[in-house]
Amino acid sequence: MERKRICPRCGSTKIIVDAERGELVCSECGLVISKGLFLEGKDWRAFSTEEFIERARSGAPVSPTRTAYGLDTKIAYSKGLSGRSMRMLRRTKKHVRSRKEKRVMPALFKIRAIAERLDLPTHTVEDAAKLYRLASSAGLVKGRSMDAMVAAVIYAACRRTEVPRFLQEIASFFELTEKEVGRSFRFLFRKLDVRIPPPKPEIYVSRIVSKLKLPQSIVTKSIRILRIAREVGVTLGREPAGTAAGAVYLATQEEGIHRTQRELAQAVSVTEVTVRNRYREFLEKVKPLLEKERLEKEKKEEEIAEPVSL
Ligand SMILES: [Zn+2]
């Protein structure tokens, strides 16, 4: 089996080594991964039940009951009900459930199929399914394009589970525009009472680095800058694309690579002023801590290198 390092949170394979901190970090969501957490192959995103894992391995079709996504569909016996009313209750509930299931099933299958192609982790897929059911129960999907709704819940689930995927990326899988999916997304989540956090700035780092053809070391440094920034509360409430651009700008300065603030601003469609402001904040609050980390590491290395006196 092919060995592949996969981020257990977002499913990204872009795992980088931060040698200075001695850590393995996901360059897309910023998660610090320890070696023991690595999972291989298919297993990491298979669904939780043994049955499903078996089926996924053998390539057998997934049974329609799996669309229940682990929800308990059994009705328990309640005290005080006669056998006859119990049977009736069960029949009614079963009927209602199956009608409801039938209605959401095509969408849930679509979520599963797209999730596989987008390499989404299990909990993200389950969240998307949950959101779709919620939207369906609230009567929000009726008479609307299923694809746009499915794309919208997948995007929402990615945000909720901190999986770095762009709206445009998801929309293109459905051959929809970013605008169309964005409209469905806003329609759904204005009405549904669910929390959708802003995307993390880390998601923009690889994009900036590849657009400006910067070396991989800039990714490592930028991710570290963003982590320290989060620890000291600098990123709080900031627009993520601008925050990322500011971090990359500081990283290029540190590495002696010349890129203008304007180039960085253009890479993520923010203003130069935003990049400058974030950079200034990082310079004041993050750079001293970067420096401290570097000195501590040097000190440790000196201690190791020092010969033992007899
Ligand atoms: Zn990740």
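1. Four donors count as tetrahedral if all angles lie between 85 and 135 degrees. Donors here are N, O and S atoms within 2.8 Å of the metal (3.2 Å for Na, K and Ca), with water not among the atoms. The site of the zinc ion meets this: the angles among its 4 donor atoms are 105 to 114°, and the site is tetrahedral.

2. This is a predicted model, in which local features need pLDDT of at least 70 and side-chain atom pairs count only at pLDDT 80 or more, while totals for chains, interfaces and linings use all residues. Residues are numbered from 1 along each chain as its sequence is written, and side-chain values use heavy atoms, without hydrogens and water.

3. The SG atoms of Cys 7, Cys 10, Cys 26 and Cys 29 coordinate the zinc ion at 2.3 Å. Along the chain these donors have the spacing C-x2-C-x15-C-x2-C.

4. Three strands form an open sheet in the order β1-β2-β3, with antiparallel pairing; strands (E, at least two residues) are DSSP runs numbered from the N terminus, and two of them pair if DSSP finds at least two bridges between them. β1 (15-18) and β3 (32-33) are the edge strands, each pairing on one side only. β1 is joined to β2 (residues 23-26) by 4 bridges, and Ile 15 has Cys 26 in β2 as its bridge partner.

5. Thr 252 lies in helix α9 (residues 240-254); helices are DSSP runs (H or I) of at least four residues. Its relative accessible area is 0%, so Thr 252 is buried. Leaving out residues up to four places away in sequence, Thr 252 touches Leu 214, Ile 218 and Ile 257, contact meaning heavy atoms within 4.5 Å.

Methods
Four donors count as tetrahedral if all angles lie between 85 and 135 degrees; four count as square planar and six as octahedral if opposite donors are over 155 degrees apart and all others between 65 and 115; anything else is irregular. Buried means under 20% relative accessible area, exposed over 50%, partly exposed in between (1.4 Å probe, protein chains only).
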